[in-house]
Amino acid sequence: MAYCSKRMKITTWNVNSVRARAAHVERFLAVQQPDLLLLQEIKCEEPAFPAANFAALGYQSVVLGQKSYNGVAILSRLPFNVTARGLPGLDDAQARYLEIECESILVGNLYLPNGNSGGDAGYAYKLRWMKALRARAAALLEQDHDFMLAGDYNVCPTDADLAQGTLPPGDALVRPETRAEFRALLWLGLTDAVRALHPTEIIYSFWDYQVGCWPRDKGLRIDHALLSPRLAEKLIYALPDREVRNEEQPSDHCPVTIKLD
DNA sequence: ATGTCTGAAGCATTCAGA
């Protein structure tokens, strides 16, 4: 069993290519100085990851990459150990899960499958992935670890988490089976950090690049941080940083920051 | 109704995936 004792600032961010967004990430690190930055959709293999840029700002990198698609990485200014490369219990050809222990917290960085490509098999992969994530969460609870599972879930948990008309009813991000799997994660006893502190506000973390979505605020809330029970009691801040979406050539996601004390 | 962006293959432009 492990207990967190330190004040922590942790950000999750789907950057949609870390090479295209290296300067954006550097600016974010310099200004916001999170203890951990969880990156998704780095879209490269480890040798192409711009680790030196981030090391110059005091951040060590751990990378689980693949060519062209997916890929996750964690930047840390604190010492850490890698506890999982890939989701335990899932035979996954895609680079979507990376977990570390830092300051006695286990932090899982995840990029959950979108589920809209590949037909029935593609959607079945998404559900299989969600069940494996739930099994991982259940195992960590059984071990009495403090933990956070954060990243791009590709799930709008409720109708309050997307602008009207943004997605068709059958989209994999809002399908009833998708939402049921997300609720099953919460029913284990996990806390959706943003909704715990902001139960009724309209809050999005993603806006499609297509014309008008950002200026008209036609967004989705799909980037989430789920907290184990003791960590939830330490939660003092949880919000997206919308300003980043106004920068030149931004990612279609904005960073979501969690503070624990 | 359409609209955008990224990386790959391969060298102009199309495709997949999001």
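Mentor: Take a polar contact, a pair of N or O atoms within 3.5 Å: in this predicted model, a side-chain N or O atom of Arg 21 is 2.9 Å from a phosphate oxygen of DNA strand B. Local features require pLDDT of at least 70 and side-chain atom pairs 80 or more, whereas totals for chains, interfaces and linings use all residues. Residues are numbered from 1 along each chain as written, chains are lettered from A and ligands numbered from 1 in written order, and side-chain values use heavy atoms, without hydrogens and water.

Trainee: Which part of DNA strand B do its atoms within 4 Å of the protein belong to?

Mentor: Sugar or phosphate accounts for 81% of these atoms, and bases for the rest.

Trainee: How many aromatic pairs are there by the ring rule?

Mentor: Rings of Phe, Tyr and Trp (its six-membered ring) pair if their centres lie within 6.5 Å; planes under 30 degrees apart are stacked, over 60 edge-to-face, and the rest tilted. The count here is 5. Trp 13 and Phe 28 form a tilted pair, because their planes meet at 55°, with centres 5.5 Å apart. Trp 13 belongs to strand β1 (residues 8-14) and Phe 28 to helix α1 (residues 22-32); such strands (E, at least two residues) and helices (H or I, at least four) are DSSP runs, numbered from the N terminus.

Technical notes:
Near = heavy atom within 4 Å. Polar contact = N/O pair within 3.5 Å; in protein donor to acceptor, adjacent residues only side chain to side chain.
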